[in-house]
Amino acid sequence: MRIALIVLAAAPFALTALPAQAQSRNGDPVASAAIFDGNFSQAEQQLSARLRLDPDQPELLLNLAAVYAQTGRTSQARALYIRVLQQRDVEMDLSADRVSTSHVVANKGLQYIRTLQLSAR
């Protein structure tokens, strides 16, 4: 199963805290517009509501982890990245010509958090 998403090029950490875009008839199911706009509160609300319906969607978990990382909640972000790693690894389209997996993205997110914590010391 391949999950289609597009990493926002403006994200300073590219794959690490993955704000993903996936448009569908439901609008913006992964809150990418809110993340891109820096409206992390709105993104968190959207993602939390979607996760109540489907608690194991890796793209939702990864985007919520990105929100947590961007708002200084590294422990919560780490927990979500680990949760993704405990699931089956799924292929994700990062852009029209780039593919990765949910585990690679989660590991990059964990690496980003470690870098943040080391630079804060």
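This briefing walks through the helix packing, a salt bridge and the confidence of the structure above. The model is a predicted one, and the chain has a mean pLDDT of 81, with 76% of its residues at 70 or more. Helix α3 packs against helix α2 at an angle of about 150° and crosses helix α4 at roughly 160°. Helix α4 in turn crosses helix α5 at roughly 155°.

- Among the elements of the chain, α4 has the highest mean pLDDT, at 97, while strand β2 (residues 6–7) has the lowest, at 37.
- Across residues 2–18 the pLDDT is below 50, and the model gives this stretch 61 contacts beyond near neighbours in sequence.
- Residues 21–25 also stay under 50 in pLDDT, and here the model has 14 contacts beyond four places in sequence.

**Helix α2 against helix α3**

- The axes of α2 (residues 40–53) and α3 are 10 Å apart, at an angle of about 150°.
- That angle makes α2 roughly antiparallel to α3, and their crossing is left-handed.
- On the α2 side, the contact is made by Phe40, Ala43, Glu44, Leu47, Ser48, Arg50 and Leu51.
- On the α3 side, Leu60, Leu61, Asn63, Leu64, Val67, Tyr68 and Gln70 take part.
- Sorted by class, the residues of this α2 and α3 contact are nine nonpolar, three polar and two charged.

**Helix α3 against helix α4**

- Helix α3 spans residues 58–70 and helix α4 residues 74–85, and their axes come within 8 Å of each other.
- With a crossing angle of roughly 160°, α3 and α4 are therefore roughly antiparallel.
- This crossing of α3 and α4 is left-handed.
- From α3, the residues in contact are Pro58, Leu61, Leu62, Leu64, Ala65, Ala66, Tyr68 and Ala69.
- Their partners in α4 are Thr74, Gln76, Ala77, Leu80, Tyr81, Arg83 and Val84.
- The contact of α3 with α4 has 12 nonpolar residues, two polar and one charged.

**Helix α4 against helix α5**

- The axes of α4 and α5 (residues 102–119) come within 9 Å and cross at roughly 155°.
- Helix α4 is thus roughly antiparallel to α5, and α4 passes α5 in a left-handed crossing.
- Helix α4 contributes Thr74, Ala77, Arg78, Tyr81, Ile82, Val84 and Leu85 to the contact.
- Helix α5 meets them with Ser102, His103, Ala106, Asn107, Gly109, Leu110, Ile113, Leu116 and Gln117.
- Nine nonpolar, six polar and one charged residues make up this contact of α4 with α5.

**Salt bridges**

- Side chains of opposite charge can pair when their charged atoms come close.
- Counting pairs with nitrogen and carboxyl oxygen within 4 Å, the model has two salt bridges.
- One of them joins arginine 73 and glutamate 44, whose closest N and O atoms are 2.7 Å apart.
- Arginine 73 sits in the loop between α3 and α4 and glutamate 44 in helix α2, so this pair ties together parts that are 29 residues apart in sequence.
- Glu44 is also one of the α2 residues in the contact with α3.

Conventions
Residues numbered from 1 in each chain as written. Predicted model: local features only at pLDDT ≥ 70, side-chain atom pairs only at ≥ 80, totals over all residues. Heavy atoms only, no water. Axes fitted to C-alpha atoms, helices over the stretch in contact; angles between N-to-C directions. Helix = DSSP H or I, 4+ residues; strand = E, 2+ residues; numbered from the N terminus. Parallel < 35°, antiparallel > 145°, perpendicular 65-115°, else oblique. Left-handed = near helix turned anticlockwise from the far one by under 90°. Contact = heavy atoms within 4.5 Å. Nonpolar A, V, L, I, M, F, W, Y, C, P; charged D, E, K, R; others polar. pLDDT = per-residue confidence, 0-100. Salt bridge = Lys/Arg side-chain N within 4 Å of Asp/Glu carboxyl O.
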